[in-house]
Amino acid sequence: MTARTDAARGIVAEAEWTARRDAYQRRVDELIGGHVDRQSHGVKHPVVDFLFTYYSLRPAQLRRWHPGVGVVLGGPAARRYAEYSGYREVDGGVTADPALVQRRRTMLEFTERLLAGTRSRSAQFGCFGLHEWAMVYRGGAESVRHSGTPLRLGAAGTDAVVESMSLRCTHYDAFRFFTPDALGRNQIPLSRDEQAAREQPGCLHAGMDLYKWCYKLVPLVDSDLVIRCFEHAMEARELDMRASPYDLRDLGYEPVPIETAAGRAEYVRAQQSLAERAAPLRAELLTRCRQLLEI
């Protein structure tokens, strides 16, 4: 069979796809090598660990390269993929099983609806990252989510910041971790049932969650999009915690002091930049969902 015929049938030669796989794995290793090393020594990190605790994809899973649906991996090395869930052997190689689309249809439909709704709304930039503050508001020591990491303004100072501003969270998966005293302070009550109707593109966590919606659709979605969403989540997480009530200067994170006018302005500028960078990722994932739903 000629290379031209292989390309027409969607078959990627082993030399080509293994090179892409290896480059991807090097990229992942550069991004998460520090986390893997800390994990092997039992060392916690209040910023980075979130990307592997709140988000369920393990480092080894992130490191596994997937070409996406419609791509047939050729050559003997492709037989390894036949052992992975969601793949099947076809004439000429191994591919992500299109039948998986039907098994994931509920997830695909929800993700498409959520992304389309988020994209259709105006971005809001008035929350100032107060969700992390609301998670410890009047909660006592047991509410501090990162034990061993001090509150930059102390408990009383943290409570005073929350009381001085409005809570305008639109993201249910942040809201659900608010302390009981903080829940009633949010401008709108949030619920899981209304999640798709409340998400908006200015939200830091809505951008971070693109990573989650992406990896939940693996192997139908390719790893190139997954890792770009992961990189975005890493950047958003850093801003999230720099603007939090925690003092992370010993770890190299300078605070964004949202208790001041200058700090709030700095946060909004960074939030707007992240929202602009999330928009094409959201559009790309939305397109993938719609294409998959047509299979």
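Over the ring of which residue does the charged end of arginine 264 sit? The points below begin with that contact and then turn to rings, cavities and a pocket.

1. The charged end of arginine 264 sits over the ring of phenylalanine 128, at 5.9 Å from its centre. A charge is taken to sit over a ring if NZ of Lys or CZ of Arg is within 6 Å of the ring centre and within 35 degrees of the ring normal. Lysine 212 also lies over a ring face, that of tryptophan 213, at 4.5 Å from the ring centre.

2. On the basis of the note: this is a predicted model, in which local features need pLDDT of at least 70 and side-chain atom pairs count only at pLDDT 80 or more, while totals for chains, interfaces and linings use all residues. Residues are numbered from 1 along each chain as its sequence is written, and side-chain values use heavy atoms, with hydrogens and water left out.

3. The count of aromatic pairs comes to 13. Rings of Phe, Tyr and Trp (its six-membered ring) pair if their centres lie within 6.5 Å; planes under 30 degrees apart count as stacked, over 60 as edge-to-face and the rest as tilted. Phenylalanine 50 and tyrosine 54 form a stacked pair, 4.9 Å centre to centre with 5° between the planes. Phenylalanine 50 is buried, at a relative accessible area of 12%, whereas tyrosine 54 is partly exposed, at 24%. Buried means under 20% relative accessible area, exposed over 50%, and partly exposed in between (1.4 Å probe, protein chains only).

4. The ring centres of tyrosine 211 and tyrosine 215 lie 4.9 Å apart with the planes at 65°, so this pair is edge-to-face. Both tyrosine 211 and tyrosine 215 belong to helix α13, four residues apart, or about one turn of the helix. Helices (H or I, at least four residues) and strands (E, at least two) are DSSP runs, numbered from the N terminus. Tyrosine 211 and tyrosine 215 are both buried. One aromatic cluster is formed by Phe50, Phe52, Tyr54, Tyr55, Tyr211, Tyr215 and Phe230.

5. The whole structure holds three cavities of 30 Å³ or more. On a 1 Å grid over the protein atoms alone, a cavity is a set of points where a 1.4 Å probe fits but cannot get out, and a pocket is an open set with protein on both sides within 12 Å along at least five of seven lines; lining residues have an atom within 4 Å of a point. A volume is the space filled by probe spheres set on the points, which are joined across faces, edges and corners.

6. The largest cavity has about 80 Å³ of space. Of its twelve lining residues, Phe50, Met135, Asp173, Phe177 and His205 lie nearest the centre. The lining comprises five nonpolar, two polar and five charged residues. Here Ala, Val, Leu, Ile, Met, Phe, Trp, Tyr, Cys and Pro count as nonpolar, Asp, Glu, Lys and Arg as charged, and the others, Gly among them, as polar.

7. The second largest cavity has about 60 Å³ of space. Its lining includes Leu114, Leu115, Trp213 and Arg282. Helix α6 gives the most to this lining, with three residues.

8. The second largest pocket holds about 300 Å³ of space. Of the 16 residues lining this pocket, Leu57, Gln61, His66, Val218 and Pro219 are the closest to its centre. Helices α4 (59–63) and α14 (223–242) each supply at least two lining residues.
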